[in-house]
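Dear colleague,

Please find below the structure that I am handing over to you. My notes on its aromatic contacts follow.

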Amino acid sequence: MKSPELRKELSELTLHKRGIRINLQLPLIESEDEIQLRSNEDVFQRLIALTSIWHLQNAQQRATVLDVIHTQQINSYFSEGERQLMRKHSVGPAMPAPELSADALHFLAWCCGIQKTIGMPDGCYKEAIAEPLWQQIASHPDNLRSQIHLRSKSVLLDWADLLYRMHWAVRHAHITGKPTPGRLDAVAVHEWHKVVNWLIRYDDENDWDKVSTETAG
């Protein structure tokens with residue numbers, strides 16, 4: 001079992017290699033003994049929600065997406081913010097734009113074993129996962145459910161630690177008026193951080209809209 005101290009050291013080494021600023025004062029994150037991962041059913045429902053929200057940005061697909069949600073009676077899978085989005089034809093300033101979920105969806109698909117490879121949160125993804133996922137949701141959702149095999153606590157905590165420190169560096173660059181470091185995409189870093197914190201039940205928060213991505217020391 002990897003200790004939080006070793007996990008922190010390895011994260012900092014990764015950041016150093018990419019030329020990303022390191023805050024040595026950031027604390028350790030939780031150990032494997034201190035967390036409980038989301039269930040496969042939780043992950044299945046979140047995959048459906050993120051995939052559906054992503055497809056809502058396409059005006060031509062909107063009616064089809066809403067019809068599938070209604071027909072399959074899966075409205076409960078969505079957060080309140082997502083349900084508000086489904087009720088509106090445009091995105092209000094207080095709600096996340098639907099395209100942001102593409103980054104979250106890409107990372108969540110990897111975390112649950114559907115996406116086979118993962119790089120860094122730079123927005124340059126080689127695989128378009130949203131369309132094949134939607135085809136399964138619309139026709140054979142149980143097939144999708146059976147494909148979910150969540151990665152281990154150790155692997156997810158490695159990412160939780162790295163994204164915590166990476167997100168701090170991205171925010172520090174923004175505050176100081178510098179470019180986003182390490183060829184990263186600021187939106188993708190935020191979305192990946194949110195996904196992994198949701199998966200490890202950070203702060204025991206179950207509301208997707210309220211999952212914290214804090215980077216304070």
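Trp208 has a relative accessibility of 8% and therefore counts as buried (buried means under 20% relative accessible area, with a 1.4 Å probe and protein chains only). Trp198, at 5%, is likewise buried.

This is a predicted model, in which local features need pLDDT of at least 70 and side-chain atom pairs count only at pLDDT 80 or more, while totals for chains, interfaces and linings use all residues. Residues are numbered from 1 along each chain as its sequence is written, and side-chain values use heavy atoms, with hydrogens and water left out.

The structure contains seven aromatic pairs (rings of Phe, Tyr and Trp, the last by its six-membered ring, with centres within 6.5 Å; planes under 30 degrees apart are stacked, over 60 edge-to-face, the rest tilted). Among them is the edge-to-face pair of Trp110 and Trp159, with 6.1 Å from centre to centre and 70° between the planes. Because Trp110 belongs to helix H5 (residues 101–111) and Trp159 to helix H8 (residues 153–175), this pair ties together parts 49 residues apart in sequence; helices are DSSP runs of H or I, at least four residues, numbered from the N terminus. Both Trp110 and Trp159 are buried.

Trp198 and Trp208 also pair edge-to-face, at 6.0 Å between centres and 80° between planes. Trp198 lies in helix H9 (residues 186–199) and Trp208 in the segment after H9, 10 residues apart.

One aromatic cluster comprises Phe107, Trp110, Trp159 and Trp192.

With kind regards

Terms used
Helix = DSSP H or I, 4+ residues; strand = E, 2+ residues; numbered from the N terminus. Buried < 20%, exposed > 50% of the residue type's maximum accessible area, 1.4 Å probe, protein only.
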